[in-house]
Amino acid sequence: MIGRSLQKILGCLTLTSICVVGTPQELLAQPAHRLPLTSPESVGMSSDRLAGISDLVHTGIADAKMPGCVVCIGRAGKIVYLEAFGKRKLGEAPEAMTTDTVFDMASITKPVATATSIMKLVEDGKIRLNDTAASFFPEFGQNNKESITIKHMLIHQSGLIPDNALKDYLDGPELAWKRICELGLVAEVGTTFKYSDVNFIVLAKIVEKVTGKNVHQFSQQNIFEPLGMLETGYTPAAGLRRRAAVTEKRNGEWMRGDVHDPRAWELGGIAGHAGLFSTAQDLAVYAQMMLQNGTLERDGTAVRILSPQTVKVMTSAYPVSTGLRGLGWDKQTRFSKNRGDLLGRLAFGHGGF
């Protein structure tokens, strides 16, 4: 409800919506790698319409739908709205949300870290979209999985189960991978859209097989560090953990800077489907890179992460059994039902748990 109402106010698609609190002084003193802040009117937007966000978010907080959030909206390469609401920690020592709060990105890990890494390898000629997973891992091809391609997994039409049992992960990453390789299909390959974490666990394994680097190392070196996304990555360091939003309890302890997803946790916090942490302003940098066809200016130099053709291929509309998907992105399926009525086939985005 909150998401749908926000879309009606904005009339546009935001890559991510997170809630943060920031003073005018904080907003003026932004690190150089962040997008500049400007007034909505300077880029053809309305301050009056954006002001309606506050009431919607406060209603959501009052209804206990969330303890707090950060909303960051950009247009034309600039941020026009950046606000924090509510708390990032509840309990005996509550903390207010701030614009630099670090969030567990959950499934936003899929497009931002894993799919972007895969498309970088495609662009570099290291892999092809129609390569099968079994061509990298022959042991994966058992039980009728030999024809599953990278593209099948990116659009979630591989036929793999959404999530295999958590107990499959409790004996360490090596045995977890063995059990994934032993999985059967829940649908014929290429026929049925089933959103699956397993798809992206396998894609991250392909990144590691091809490059010798796990998805954390590869995405840092090829995406986040070049863009100056200094607050984005897996297994955040102590300074970032201290300003992370608290999620839930695990074994009686509150999770703060530790991945919430239980399978990613058992995989050491680094996985293709979950595990990434970031801030609203860092994600705005990534979003602007995608909107500028893979390139972003940083410190007076154009930094190219992907070519325009790669971005076009990644964000095109691919028919699946229940709608349209991009390569790692959602476009028009039930997972993006809050996108509003004015977004066409060019729009792309993703949510997280």
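How many of the 12 residues of helix 12 are buried? The helix is mostly covered, with 11 of 12 residues buried, where buried means under 20% relative accessible area, exposed over 50% and partly exposed in between, with a 1.4 Å probe and protein chains only.

This is a predicted model, in which local features need pLDDT of at least 70 and side-chain atom pairs count only at pLDDT 80 or more, while totals for chains, interfaces and linings use all residues. Residues are numbered from 1 along each chain as its sequence is written, and side-chain values use heavy atoms, with hydrogens and water left out. The mean pLDDT (the predictor's confidence in each residue, from 0 to 100) is 91 for the chain, and 91% of residues reach 70 or more. Over residues 1–30 pLDDT stays under 50.

Helix 12 covers residues 280–291; helices (H or I, at least four residues) and strands (E, at least two) are DSSP runs numbered from the N terminus. Its buried residues include Leu283, Val285 and Tyr286. Just after helix 12, Asn293 has a positive phi of about 60 degrees.

Strand 11 meets strand 12 (residues 323–325) over three antiparallel bridges, and Val320 has Gly323 of strand 12 as its bridge partner.

Technical notes. The expected span of a helix is 1.5 Å times one less than its number of residues. Contact means heavy atoms within 4.5 Å. Two strands pair if DSSP finds at least two bridges between them.
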